[in-house]
Amino acid sequence: LLFNLGLTSVFDWYRVVEDKTPEVFQDFLSKFSLKPEEVLVVGDLVNEEVAIGKRIGARTVWVKWGAFANVLPIVSPDYTIDNIAKLSEIVGKLAY
């Protein structure tokens, strides 16, 4: 997916998270010695992935599509997109 969006050169590393817990996200930060503000959490589950990203202090993108598009969010994502292809615009803004 990152290759198709032309984002492989922008991301140093990415991880698809099965268990959406704060501990998994904190482990990621610790493992790579990252500060939360250096991480972009992208997900379609606004009240899980995005909420945890906000809780740890990361920047967040809610991909508002499919079965989860009409969920009432309990957090305010930094960015909301309705198509994953729009992620490249956000990454471009953040990279500079």
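How many bridges pair strand 1 with strand 2, and in which sense? Strand 1 and strand 2 (residues 59-63) pair over four bridges, in the parallel sense.

## About the model

This is a predicted model, with local features needing pLDDT of at least 70, side-chain atom pairs counting only at pLDDT 80 or more, and totals for chains, interfaces and linings using all residues. Numbering starts from 1 along each chain as its sequence is written, and side-chain values use heavy atoms, with hydrogens and water left out.

## The sheet

The sheet is open, with three strands in the order 1-2-3 and parallel pairing. (Strands are DSSP runs of E, at least two residues, and helices are runs of H or I, at least four, numbered from the N terminus; two strands pair if DSSP finds at least two bridges between them.) Strand 1 (40-43) and strand 3 (79-81) sit at the edges, each pairing on one side only. On average, neighbouring strands here are turned by 15° against each other, direction ignored.

Zooming in, L40 has R59 in strand 2 as its bridge partner. Helix 2 (residues 46-56) packs on the sheet and touches strand 1 and strand 2 (contact means heavy atoms within 4.5 Å). The direction of helix 2 makes about 170° with that of strand 2; angles run from 0 to 180 degrees between N-to-C directions, with axes fitted to C-alpha atoms, for helices over the stretch in contact.

## Where the helices meet

Helix 1 (residues 22-31) and helix 2 have axes that come within 10 Å and cross at roughly 55°. So helix 1 is oblique to helix 2 (under 35 degrees is roughly parallel, over 145 roughly antiparallel, 65 to 115 roughly perpendicular, and the rest oblique).

As for who touches whom, P22, F25, Q26 and L29 in helix 1 meet E49, I52, R55 and I56 in helix 2.
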